[in-house]
Structures are given as C-alpha cells and as structure tokens.
Amino acid sequence: MSHTTQVPHRRTVPGRRAAPAAPPRARRRPGSQQWAAWAFLTPVTLYLALFYAYPLYRNLDLSLRNYTVRSFVRGDAPFTGLANYRTVFDDPTFAPALVHTVVFTAVCLFFQYAIGLALAVFFNQHFRLSTTLRALFLVPWLLPLIVSASTWSWMLNSDSGVVNAALHAVGIDPVNWLTSPSWSLTSVIIANIWIGVPFNLVVLYSGLQSIPAGLYEAAALDGAGAWRRFWSITFPLLRPVSAITLLLGLVYTLKVFDIIWIMTRGGPADSSTTFATWSYQLGFGNLLPAFGPGAAVGNLLVVAALVFGLVYVRAQRKQALT
C-alpha cells in the first residue's frame, strides 16, 4: 500500500499572481569576510605605519647614532648606543628643563580643567544667550597658534602691552613678562591656559549632556544643595570624560612648542625652556645641530606620554571590571 504525500496548495487571490519562491541565500565563505576585513584595515595600517611607526623608528635611530649634517645626508652615522642620552642627562639644561616641563604641564592641566569644568557647569544651565557665549569661548581654540602666541606677546609687551597699561592704571608697577626670568614661564603658562580652556569646555559640556536630569531632580527633592549635587552627581559621573580630557590635555601640553618659542624662545637664560623647546634648539637652533641629543630629548617626551597612556588604559580596565 503506497502512501502519497499531498502538498498543500497555496491560496491565490483572484486577479493576483502568486509570488515566486525566494531563491536560497548564498552563504558567504569565511575567506571572503576576512579579505573584506583586511581591505578595510589596509588604509589605516598604512597610515599608522607611514606617519607614526616610521617617524618613531627614525627618531629612535637618530638618538642611538652620532649624526652630523654630513652623516645625516649620507646616512653613514656611527652607532653610539646610549651616549646621546648620557649627554642629555649630563647637560646642565636638563634639570631646569625637566622642572619647567613638569610645572608647565601640571599648572596648565589643573587650570584648564578647573576653568573648563566651571564653564561647562555654568553653560549647562541653558540660560538666555548661553549658546552665543559658548560659541565665543571657542574662539581661542579655533585661532591658529601662531596668531594666539603673537597676540599674547603683544599684550604682555613690557613697554606697549595692554596688560602693563592696565596695571599702570591701577597704580601697579609694570612687569617684564617676557624678558624677566621670574615671569617668562608664568607668561607662557597663562597663554597656554587661555588656549586650552575651550577644549575642556567642549568635552566636559558634552559629558554633562549625558547625565540624566532626573538625578538632579531627585537630589533636589531630598534637600541636596547645588554644591552637594555637584560632588555627589556631576563630578563622579564625569570621571570617564574627565580622564580622557586630562589624558589628551597632558599629551598636548607635553609637546607644546610654538607658543613658548614665539613668546620667549625658551628664555631668557633658559627660564622657560621645556623638553619640547630644548629638543628643537638642540636639533635645529644652532649652527652645528646636535641631531642625536635632540632626538633623545624628544624620545623622553614620547616615553612620558606612553607611560601616562598606559596608566589610563589600566585604570579604565580596572573600572570596567569593578
């Protein structure tokens, strides 16, 4: 006895054609997906290799060889190992440059973050003209650094600067902002803070937008004041944004060169010399350039940035695990 299986007939609406059966989907082979992934990664890999890995390698090679102008052109500089680093450490400029770099970086980071956070909280109130004022605060960030540094050089000029004119108007003696060893570092710190505040304002203001307004309303109902809401809600929830802001600010501040060079050229008497300006001065600021020691100083800055970057990554991993 044979059994036949009847296939149910599809109902067709009168006047309509039956939809054709969809063809089976072709499965993608794993190999094609890998090739597509490599195709997308190739431009990024080439960019990183050409503009990051190779310059770092060349800078490391410069610091390990005795390069002169002639050997730099011919490419036959002898290998000297860590001799350039010993030269840098034994140089009398090393200790002052290290202190100036630490002071310049720490003071700029603190005031840029503190002022940027205060302005971000202020503009987060969404009062009238807040958008216009926030846009005006971005002007220092948008200006070319050479324009900003030249403007501050004119404002802090000992004879014709507007800052000394304002001090004279209130009965204070003029200050040699750019020509006095006691004030030159302070002058470049003030200029760099002014330039870096808008970046902190933008990033921290974006972080404030992600905090739910309901948290502030609940805290206000519990009787928490503005200061208490800031320390209990705003500041803790801004920690991830604050960490990346401080890290980017640290990397940027460590390599600040143009502002210092235009305003004081690291002087007078190396009173505002940092590792960035000293590296340039060694490599390009003399008739007989010292390429090796200049590259060694630059590598010290790279190592410092890498150390702080690794500390940030480790802190982020610990925070993700907790």
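The legends below describe close-up views of a predicted model. Local features are given only where pLDDT is at least 70, and side-chain atom pairs count only at pLDDT 80 or more, whereas totals for chains, interfaces and linings use all residues. Residues are numbered from 1 along each chain as its sequence is written, and side-chain values use heavy atoms, with hydrogens and water left out.

View 1. The largest pocket has a volume of about 740 Å³. A pocket is an open set of points on a 1 Å grid over the protein atoms alone, where a 1.4 Å probe fits, with protein on both sides within 12 Å along at least five of seven lines; lining residues have an atom within 4 Å of a point. The volume is the space filled by probe spheres set on the points, which are joined across faces, edges and corners. Of the 24 lining residues, N59, K255, G298, L301 and V302 are the closest to the centre of the pocket. At least two residues of the lining come from each of α1 (30-63), α12 (239-254), α14 (275-284) and α15 (291-321), and α15 gives the most, with nine residues. Helices are DSSP runs (H or I, at least four residues), numbered from the N terminus. The lining comprises 17 nonpolar residues, six polar and one charged. Here Ala, Val, Leu, Ile, Met, Phe, Trp, Tyr, Cys and Pro count as nonpolar, Asp, Glu, Lys and Arg as charged, and the others, Gly among them, as polar.

**View 2. The largest nonpolar core.** A nonpolar core is a set of buried Ala, Val, Leu, Ile, Met, Phe, Trp, Tyr and Cys residues joined through side-chain atoms within 4.5 Å. Buried means under 20% relative accessible area, exposed over 50%, and partly exposed in between (1.4 Å probe, protein chains only). The largest such core has 35 residues, and F104 and M263 have the most contacts inside it. Two or more residues of this core come from each of α4 (94-123), α7 (145-155), α9 (184-209), α11 (226-237) and α13 (258-263); α9 gives the most, with 11 residues. A second, separate core has 14 residues, including F94, A97, V297 and L301.

**View 3. S71 in helix α2.** S71 is found in helix α2 (residues 69-74) and is buried, with a relative accessible area of 7%. A polar atom of its side chain lies 2.6 Å from the backbone nitrogen of T68. Neighbours within four places in sequence aside, S71 is in contact (heavy atoms within 4.5 Å) with N66, D76 and A77.

**View 4. N84 in helix α3.** N84 has its place in helix α3 (residues 83-90) and counts as buried at 8% relative accessibility. The backbone oxygen of R65 lies 2.9 Å from a polar atom of the N84 side chain. Apart from residues up to four places away in sequence, N84 touches L62, S63, L64, R65, G292, P293 and A296.

**View 5. S158 in a loop.** S158 lies in the loop between α7 and α8 (162-169) and is partly exposed, with a relative accessible area of 21%. The side chains of S158 and N176 make a polar contact (3.3 Å). A polar contact is a pair of N or O atoms within 3.5 Å; within protein, one must be able to donate a hydrogen and the other to accept it, and residues adjacent in sequence count only if both atoms are side-chain atoms. The C-alpha atoms of S158 and N176 are separated by 5.1 Å, although these residues stand 18 residues apart along the chain.
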